[in-house]
There are 2 protein chains.
Amino acid sequence: MCAPFDPQADKSKDEIELGTHFLPKFDSDGLIPAIVTDIDSGDVVMFAFMNEKSLRLTLETKEAHYWSRSRQELWHKGATSGNVQDVIELRTDCDQDAVWLKVRTRGATANCHQGFKSCFYRAAELQDGQTNLSFKEESPLFDPKEVYKK
Amino acid sequence: MCAPFDPQADKSKDEIELGTHFLPKFDSDGLIPAIVTDIDSGDVVMFAFMNEKSLRLTLETKEAHYWSRSRQELWHKGATSGNVQDVIELRTDCDQDAVWLKVRTRGATANCHQGFKSCFYRAAELQDGQTNLSFKEESPLFDPKEVYKK
């Protein structure tokens, strides 16, 4: 296991925003937001959080690891469903408080626990003062009840 | 001004995850994460947060509004730089606690305050136990010092 990431505290704005030293900033809960896109379509397929350990494991293994806030545990994505995400590239933003993963997803290639390719399968639109959602993916790629045995 | 969004509290998991009623979930600070991609390239260009008012204004005006955590104020993106983001589509994820905006950016088409097209202009890679960043965008589209008069 490598040393933990260096903190931003003693670094200048230019070092953080224009430097070549990875200085991920974790929030007060020790988490950093992770945006996940599909390497082929470019679509956003998931949004999750990482703690320091899951970010480190992601860089080391090139398989996406997150921190599950609902289960409060390290989460190796795809461990149950088989839909492991191979990380092709990992980027960070100007102030290094978010990461963007470009992934190729194994198995049924679903990234959402509902069986859809993307968690973002609905678009919102304001109509007559009410915001309604419409489905942008026709059907799930797997049956969640079958995969998760719920 | 329309009525505020309905809360998730009295809704079932199926209503939230498979329904057509927009029920955005704001965190304990009243914020929801917003992922922003460029409508043409599909690249992630920004990551920010919205409060209820900025999400409502975004849906009403179809121009991206955020909540600036550093300035603690409503933020009409592009108001200073001219790089307003026209929102082509707004999606939400399975549990409706994040949104994804597909935008077309006006002016110099830069989305980052550093003048880059995307805030995510650096990729991270583990090399010999250290994680280094490499630039993926060659040069900024505008000079931040000129645009923001800093």
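How many salt bridges does the rule find across the interface of chain B and chain A? The rule finds four. Keep in mind that this is a predicted model. Before returning to the interface, look at one chain by itself.

Start with chain A. Chain A has three helices and eight strands. Read from the N terminus, its elements follow the order α-β-β-α-β-β-β-β-β-β-α. Along the principal axes, the C-alpha trace of chain A spans about 50 × 40 × 30 Å.

Now turn to the annotation. An unreviewed UniProt entry marks residues 46-121 of chain A as "domain: Phosphoribosyl-AMP cyclohydrolase". Over this stretch, the chain is 13% helix and 37% strand.

To find A:Cys94, follow strand 5 (85-92) of chain A towards strand 6 (99-105). A:Cys94 sits in the loop between these two strands.

Next, consider the charged pairs. Over all chains, the structure holds 22 salt bridges. One of them joins A:Arg106 and A:Glu63, whose closest N and O atoms are 3.0 Å apart. This pair links distant parts of the chain, as the two residues are 43 residues apart. A:Arg106 lies in the loop between strand 6 and strand 7 of chain A. A:Glu63 lies in the loop between helix 2 (52-61) and strand 3 (65-68) of chain A.

Now go back to the interface. Which chain gives 52 residues to the contact, and which gives 51? Chain B gives 52 residues, and chain A gives 51. The area buried between the two chains is about 4,400 Å². Carbon and sulfur atoms give 59% of that area. In chain B, the residues that lose the most area to chain A are B:Phe120, B:Arg122 and B:Leu133. Together they make up 15% of what that side buries.

Polar links cross the interface as well. The rule finds 28 residue pairs in polar contact there.

Strand 7 (residues 122-127) of chain A is joined to strand 5 of chain B by two bridges. The two strands run antiparallel. Where does A:Arg122 find its bridge partner? The partner is B:Thr92, in strand 5 of chain B.

How values were computed
Residues numbered from 1 in each chain as written. Chains lettered and ligands numbered in written order. Predicted model: local features only at pLDDT ≥ 70, side-chain atom pairs only at ≥ 80, totals over all residues. Heavy atoms only, no water. UniProt positions renumbered as here; feature names shortened; annotations may be inferred. Helix = DSSP H or I, 4+ residues; strand = E, 2+ residues; numbered from the N terminus. Contact = heavy atoms within 4.5 Å. Buried area = accessible area lost by both parts, 1.4 Å probe. Salt bridge = Lys/Arg side-chain N within 4 Å of Asp/Glu carboxyl O. Polar contact = N/O pair within 3.5 Å; in protein donor to acceptor, adjacent residues only side chain to side chain. Pairing = 2+ DSSP bridges.
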